[in-house]
Amino acid sequence: MSWILTLTTFLPLLGALVCLLLPREEVGLLRGVGLSVALLTFLFSLGILSGFNGQTAGFLHEVDLPWVQALGIRYHLGVDGISLWLVLLTTFLMPVVMLSSWSAIADKVREFTVAALVLETGMIGGFLALDLFLFYVFFEVMLIPMYFIIGVWGGERRLYAAIKFVLYTMVGSLLLLVAILYLYVKVHQATGTWSFAYADMQRLVLSEREQLYCFAAFALAFCIKVPLFPLHTWLPDAHVEAPTAGSVILASVLLKYGTYGLLRFALPLFPHAVAEVGPLLAALSLAGIIYGSLVAYAQRDIKKLIAYSSVAHMGIVVLGLLMLNTKAVNGAIYQMLAHGISTGALFLCVGVLYERRHTRRMEEFGGLWAQMPVFAGFFLIFTLASVGLPGLCGFVGEFLVLAGTMSAGRTAFADVPLFGKAHLYAALAATGVVLGAVYMLWMFQRVMLGPNENPKNRKLRDLTLREGMVLTPMAVMAFWLGLYPATFLRDMNPAVHRTLVAFKEKYSAGAADAEPRMLGQDKNKKEEGQPPAKQDKEEGQPPAQQPAQPPAASPPGTGATP
Amino acid sequence: MDASFPLHLIPLLPLLGAIINLLLGRRLGKGAVALVACGSVAAAALVATRAVWVLGTEGLPSGALVDRFFQADWIFSSGDGLDLHVSAGLMLDRLSAVMVLVVTWIGLLIHIYATGYMEHDPGYHRFFGYLNLFMGAMLILVLGDSLPVTFVGWEGVGVCSYLLIGFWYAEDKNATAGRKAFIVNRVGDFGFLLGMCLLFSLIGTLKYSEIGSHMQTLRQPLWLGWPAACFIALLIFVGCTGKSAQIPLHIWLPDAMAGPTPVSALIHAATMVTAGVYVVARTHVLFDVFPTSAKMVVAGIGAATALMAATVGIVQRDFKRILAYSTVSQLGFMFVGVGTGAYAAGIFHLMTHAFFKAGLFLGAGSVMHAMGGEGDITKMGGLGKHLPVTRWTFFIYCLAIAGIFPLAGFFSKDAILAGAWAARFQLARQGFGPFSVEWVQHFTQDIYPKLIWSLLAAAALCTAFYMWRLYFVVFTGRFRGTADQEHHLHESPPEMTVPLMVLAAGSVVAGWVGVPAVMYHEGDWFGAWLAPVLPPPAQELSHSVEWGLMAVALCLSVIGIASAYLLYYGGISEAARRAAQILRPLYLLLYNKYYIDELYDVVFVRPLKRTAWFLWYVVDAFFIDKVLVQGWAWMVSMLGRAVRYLQNGEVQRYLVGVLVGTAGILWVTTTLPPRRAAAFRLSQQGRRVTLEAGGGSSRVGLVYRVDWESDGKWDEVDTRWSTLTHEYPGQGTYKILFEARDPRWGTSSTRRRVVHIE
Amino acid sequence: MLPLSYFNYYLALGAVLFAIGAVGVIARRNALIALMSVELMLNAANLTLVVFARAQHDMRGQAVAFLTIAVAAAEAAVGLAIVVGVFRNRRSTQLDDLTMMKH
């Protein structure tokens, strides 16, 4: 089954090549090909799911081939319970996005389809890559089509937004590259082999200072992507100017790269740095929650409002990741999925309105419910999902993150000194619950409720069949995520647990003094000069598999309370 | 012993009805919609009744029926030593049995009533869809076996309330009222959610049945020496103040009357708003922990709310608004009940109140239906003749709420008053600062309960007064509305009047299940039913005190009714108007609801808006984006602009650059090394002088010459050593000449230095 | 065999020629004169090459000089053709007028 990841990743690229060969006038055919390739990719990605067992240690469906042998770069893909759902989110959204831009993109359809498909390859590949160089390549591959999607099919200030987006992301990703190269050299110092492999880098122990610098580079790259306050200002511009499809992809998938990167790379690679600057990041994410919510409340443009709500929601995700226990991290990943669905769907809804009225300013709307009852129903569902209503997708993640944050000081991972103010964190994060309702319902009221006074809104069409087909799967997913989270948590939980155990193991092994070393490597071996990474991996089955401390090692209530 | 029962049917049936009505309702037609809505609720009611029957006959008194339908965890997360397992479990014990019966049967009556009331509304199917959705959520709330499941229902009813308050969405006022309700509730939910998470973080479970076994942990001090249970209880109570409209979160309920009247009856009187009382009773183990500060807060807030709302109710003019304040006030009574440890009394009042308050609202609906939607009671009057059924049923409700023997309200209110009088709070075992322990005990055990009792008694007096004021103004005297309205006055159709009559009957008899023991010693059947699940009040009152309290309460009610009769019988009397004139400041204060909305506007709403505005325009758009982000871009572009002058497209200028650059490179690579190297450093030891070329660093490929005495004769020629030593023969002052040369380029450089030898 | 210092005169001549050429290219605004100055610089370089070749008794320098002469001829041909082309388009051979890159 190892071919399935490769197939899923590169099928869209293949589709893009096919589209390039098609004549540009055949608009319908191009759209059809785009949609069917996206659908096919989705089907194949379901294939990943079918053979998936979250309990299995490590990554599944791994494929590990040499790519640039001289530099030790490998084509290494694999999926675990964390990336699985993000990949599925991506492949699920792409057909929806393709269908949603059916009429919205009338110009340069071929180029759009190609860009979207290339983007899809980048997004899927990035989630699956287990070689940091490969990851970086995919990470950058995503940037270019997105740049064009915003810059070519965007709104009035599209160039400004596109360039801001690209420059902002590039600043981070260049530092990321530098840090990756640094790790690459250090891995060579420690093992004698050149390798970008994730597994090697995870076992590489650096000194605290080195960890701090590398973590800073990683975290900056990913926090820009999240975006974490105060690095967020590219997001509203990009969202507002991007076409609906671009906004959806951006919000639903690209932002997830920030948090995915934090979870997959920044946290496990540099545990000591996390312990040191974690509180700062947590404070920023809390600031993001409150600040994003308040600023969202001041918006007049619907898309901008949703963009700022993303800042708030992703703040919750980052907070959850930093709390370093399975509840919070599960919740964070869950919130990523939920945000992907609810915010993506809200952007689709705004797209529906924009196609009819060519404006996104709230004061232009009002009382649309009577004209568009079906649309109103969908819009309401997604609004409430975004607010975090139980039964819809937003609640589960929020609850898990809050429960995890509140109990961060009492879990098996509590000896990482990050949780001095866990109760306060939880209380501040929970204000997002109130503020979320404030701005979302205010927006809903201004658009859908009240009197329909604007004559331009008197004759709006309700959803077309196509639009209904776009929004229905999103609504189904919103309910599914809310009503039966076990589907997702079942495979997610073991992977999260493994990640955290690896984190803790590396943390408790202590930082290196000066020379980099590998986790679980004894000195003699290095002097023999042949400790290839591969071997270590096999024998090194290390304590990573051991479960965390038995529950309630310290009886609750007597434990540390800040 | 827990027995199994398919409890999931109870909430699922109405939810199914909701799905059918919301998705297909428009095509079904009104008859089918009504059938689905009422049918699903009726089915749920029957299942619920059967379940309660099974519980009462088969299980142990303290046991519960559990649902085995949802086996797997709903939300879970494991592996970090504090595993979270939330199952979507339902549970029916004696407490939830009361709630389930009240919710389903009163809900059914109101559904039936609404089929008549909403008959001409274009949003018929939507209305019943929401109503069924509400029923489903409310049943999940009361049946949930853990806090998160309750929270699901809790939020669900909140949303339904939001949707139904803003049901007539075309008016901004309604939509705003709905939004206000939801947001204020969310403020409460903030507390609920935090309380839930805090509880979980301490004991690792959220199931009601398991909390009790962790009390040891929960009694541990958490902060400032207060036990964890106190904080959890208070946080949960914050949620309850939101849902049950208690001070300080009561402001949404009067506005919520913007919704259709059946909604006000079902959600904002009989069921949803009582959820807070239910949850306090449900989690009573947290409130019972010593010190009972959480209970004191609950009782205090309940009493304050009861009196505050009752006084406001006296002067309001809007029919439903009066009832809304009455609801807030009665909910305050219930909170006093659960707050003073008289849990059964609180729940008892919850049940009786559901009958008469639902009836009052439905009566109000019937009146407003007849009046064409008019809600101002000063425009009514003399409606008794036109609406006989409504009038007489309303008469019964008013008697019941005023607490006249032997109607329902009398018994339940009496139980609460007795509970308040008997309460003994315990705050501390030592004194606080200036207060000695005796004083604290005196306060919490004698003064505070009596204070609460007196607040309640005052509230009861006001209640009797404002309810009968309402009754007399609306139903007696002559009609004060327009002739057109008078012409259209008519009694409501049977689907509306029958529920009124049923509820009236309930308002009479519902209290008889809880006759106090002093009257009939096996009379408190209701208390006995709940005794296995809710602890009885700690203190028993002596019979004489209890009789006395009852008499006082009854007297107060009669005084209230009598004064209302004097002032308002046959319309608003001159005396009433004069009283309003004389007490004008007080009147205005009450009429404007103590200006609390205005206060919140100034203290919370406007600052929030201003802060949002400030953060957006000043911090975000200006500071972060303009100054920081675009500032960087601006710096880069300025740099680019500066450099642009070099790239002017004139090849000849470039050539100058090329030449100057080439010359510079040549100079640096050929002349500079000897110049640097020729700068030497001297160190002296007696007569021995050591010379280091170029500050000590030797340069590859350079050769050196040195003339130690400057006598024109090179002493060392073309040496490659950059450190040279010379021993002078005797004292004197010598001049050293040093030359560094690069033989590859033929460039050289010389330096001189004077040295003194002693 | 000439004394070593004798070569310095040739080298100095080469340097002076090169400087004159360089100044010509830089200072003159006429494309034709600039081209001529470029030729001058090339020839200065040729001269230097030949002198060093002679001093080192190494014929490779002279060979390179021939190569340079050929390149110079080609360059002159192409350069003059461009100048003529530019002149046809713009009616000017002034280098100042050829600043399209600037705008």
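Guide: Gladly! This is a predicted model, and we can start with helix H8 (residues 208-225) of chain A.

Visitor: How do you know that the length of H8(A) agrees with what its 18 residues should span?

Guide: At 1.5 Å a residue, the 18 residues should span 26 Å, and the end C-alpha atoms of H8(A) are 25 Å apart, so the two values agree.

Visitor: What makes H8(A) largely enclosed by the rest of the structure?

Guide: A residue is buried if 20 or more other C-beta atoms lie within 10 Å of its own. In H8(A), 13 of the 18 residues are buried, so the helix is largely enclosed.

Visitor: Why are H9(B) and H12(B) called roughly antiparallel?

Guide: The axes of helix H9 (residues 228-243) and helix H12 (residues 275-282) of chain B come within 8 Å and cross at roughly 160 degrees. Angles over 145 degrees count as roughly antiparallel, and therefore H9(B) and H12(B) are described that way.

Visitor: Which residues meet where H9(B) touches H12(B)?

Guide: From H9(B) come Ile236(B), Phe237(B), Cys240(B), Thr241(B) and Lys243(B), and they meet Ala275(B), Gly276(B), Val279(B) and Val280(B) of H12(B). This contact is made of 6 nonpolar, 2 polar and 1 charged residues.

Visitor: Why does Thr476(B) count as partly exposed?

Guide: Buried residues have 20 or more neighbours and exposed ones 12 or fewer. Thr476(B) has 18 C-beta neighbours inside 10 Å, so it counts as partly exposed. You will find Thr476(B) in the loop between helix H19 (437-475) and helix H20 (483-488) of chain B.

Visitor: What does Thr476(B) touch, leaving out residues up to four places away in sequence?

Guide: Thr476(B) touches Gly382(B), Gly384(B), Tyr569(B) and Gly570(B). Although Thr476(B) and Gly384(B) are 92 residues apart along the chain, their C-alpha atoms are separated by 6.3 Å.

Visitor: How many residues of chain B are in contact with chain A?

Guide: There are 52 in chain B, and they are in contact with 59 residues of chain A. On this side of chain B, H6(B) gives the most, with 17 residues. By type, the chain B side divides into 31 nonpolar, 11 polar and 10 charged residues.

Visitor: What is the mean pLDDT of chain A, and where is it below 50?

Guide: Chain A has a mean pLDDT of 86, and 91% of its residues reach 70 or more. Over residues 523-562 of chain A, however, the pLDDT is below 50. Where pLDDT is low, the predicted coordinates should not be read in detail.

Methods:
Residues are numbered from 1 along each chain as its sequence is written. Chains are lettered from A and ligands numbered from 1 in the order in which they are written. This is a predicted model: local features need pLDDT of at least 70, side-chain atom pairs count only at pLDDT 80 or more; totals for chains, interfaces and linings use all residues. Two residues are in contact if their C-beta atoms, placed from the backbone, lie within 7 Å. Helices (H or I, at least four residues) and strands (E, at least two) are DSSP runs, numbered from the N terminus. Ala, Val, Leu, Ile, Met, Phe, Trp, Tyr, Cys and Pro count as nonpolar, Asp, Glu, Lys and Arg as charged, and the others, Gly among them, as polar. Axes are lines fitted to C-alpha atoms, for helices over the stretch in contact, and angles run from 0 to 180 degrees between N-to-C directions. Angles under 35 degrees count as roughly parallel, over 145 as roughly antiparallel, 65 to 115 as roughly perpendicular and the rest as oblique. The expected span of a helix is 1.5 Å times one less than its number of residues. pLDDT is the predictor's confidence in each residue, from 0 to 100.
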